[in-house]
Amino acid sequence: MTPKNLSRSCSVVGAITLSALLLPLSAAHAAAPAPRVTASTADAFGRVADAVFTDRTAALLDRAPTARTALKATTAGIRVPGTLTRTENTALSSLRGTRSRLAALGEAYSAADTEVAVDRTRVTGRLATAWVTETTTLTYRKIRGDEPATTGFRAHHVLTFAAQPDGTWKLTGERSTDKGPRQVNEPVTTALRMTPMAAVDAPRAATTYPAPANPKTLTGGPYDYAGMATYAEKYWKNYNPAYRSFNSVGGDCTNYLSQSLKAGGWATVAGSDEEYGTWNYTSSTQTDTWVGVNEWSWFTQTAQRSTPLANVYQMDIGDVMQMDFDKDGSKDHSMITSYRSASGVPYLTYHDTDTYRRSLSSLLAAYPNAAYYGYRT
């Protein structure tokens with residue numbers, strides 16, 4: 001079906017109030033006709049998703065909270081149970097904590113805009129599933145004065161609904177399907193996995209701001225760091241068709257990072273006597289070091305393509321950051337610095353979830369318990 005695009009601006013639109021009461025199930029439920037998802041139903045599903053994600057993003061803005069207003073049903077009504085109401089209230093409280101951590105790091109957002117597209121729906125019995133894509137843009141508040149204009153991301157979610165005897169639908173759940181870092185409008189979880197895994201090959205970087213000076217020569221050397229950033233920002237959401245995507249087989253973050261580095265002059269290595277000494281991509285295959293988070297790190301150390309940074313705030317254009325979300329010793333995500341402000345804040349661009357110029361401060365606020373690794377390329 002054709003996706004329904006629904007634009008919302010956090011500065012002018014309130015989000016859904018998750019407070020509707022549910023009707024009890026009755027004997028008529030079993031005899032009710034099988035539900036159908038019409039165009040108007042899909043539109044209502046999209047509006048629910050839009051309201052939820054807009055509400056979350058609004059909790060990050062540095063102004064008085066926008067009132068959460070009830071969503072007016074069109075053709076198909078949507079109801080939200082009290083359990084999800086409480087869950088969403090907890091999510092908003094967590095996001096206000098993210099906003100406070102961002103403020104302490106010198107970052108704030110003045111406005112935001114969200115667009116939701118319903119990609120497809122499926123009905124199984126009396127349950128409906130809706131796959132939606134959220135595209136959100138946040139406007140940086142000019143605090144230091146050298147922030148970029150905006151940051152943006154594209155995220156994918158699955159919403160589930162249950163048909164009710166009165167013909168309405170009940171929202172029963174929402175989850176993200178992306179494998180990368182949680183976006184800034186996703187609530188923070190604090191549970192850590194304590195099972196130790198493989199030894200870390202590179203030292204963790206400090207996350208304090210400001211960082212000790214560690215200037216980088218951007219021009220005149222063997223690599224085109226501006227070219228790396230230009231490539232990354234060109235293909236952050238519109239993937240380069242010359243490369244395969246690995247989103248469905250573990251994530252595309254390091255594949256995309258490798259592409260950006262190659263665009264800036266990194267030469268591929270087809271063969272090596274070292275276990276992790278190759279780094280290559282062809283029309284039919286690729287090395288693990290091209291697509292694997294830890295394998296890429298091992299290659300860069302083996303081939304001396306990078307050196308660890310003592311502090312992630314030292315990253316400059318073309319430098320790389322990796323994250324170990326749960327500090328289990330195995331790194332989970334790769335991203336490249338595509339912008340650095342004059343006041344020393346790096347901004348990261350990456351796949352999984354596809355994201356443009358997200359500040360390091362935003363990642364630290366969303367992942368206060370993660371381990372961070374910075375690489376000078």
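**Reading the model**

Author: Leaving out neighbours within four places in sequence, glutamate 295 is in contact (heavy atoms within 4.5 Å) with Tyr276, Asp288 and Thr289. This is a predicted model, where local features need pLDDT of at least 70, side-chain atom pairs count only at pLDDT 80 or more, and totals for chains, interfaces and linings use all residues. Residues are numbered from 1 along each chain as its sequence is written, and side-chain values use heavy atoms, without hydrogens and water.

Reader: Where does glutamate 295 lie?

Author: Helices (H or I, at least four residues) and strands (E, at least two) are DSSP runs, numbered from the N terminus. Glutamate 295 belongs to helix 7, residues 293-302.

Reader: Is glutamate 295 buried, exposed or partly exposed?

Author: Buried means under 20% relative accessible area, exposed over 50%, and partly exposed in between (1.4 Å probe, protein chains only). Glutamate 295 has 23% relative accessibility, so it counts as partly exposed.

Reader: How do I read strand pairing?

Author: Two strands pair if DSSP finds at least two bridges between them. Here, strand 3 (residues 109-124) and strand 4 (residues 127-140) run antiparallel, joined by 14 bridges. Valine 116, for instance, has glutamate 134 in strand 4 as its bridge partner.

Reader: What do strand 3 and strand 4 form?

Author: They form a hairpin with two residues between them, and glycine 125 in the turn has a positive phi of about 65°.

Reader: And what about confidence?

Author: pLDDT is the predictor's confidence in each residue, from 0 to 100. The protein averages 84, and 83% of the residues score at least 70. Over residues 191-200, though, pLDDT is below 50.
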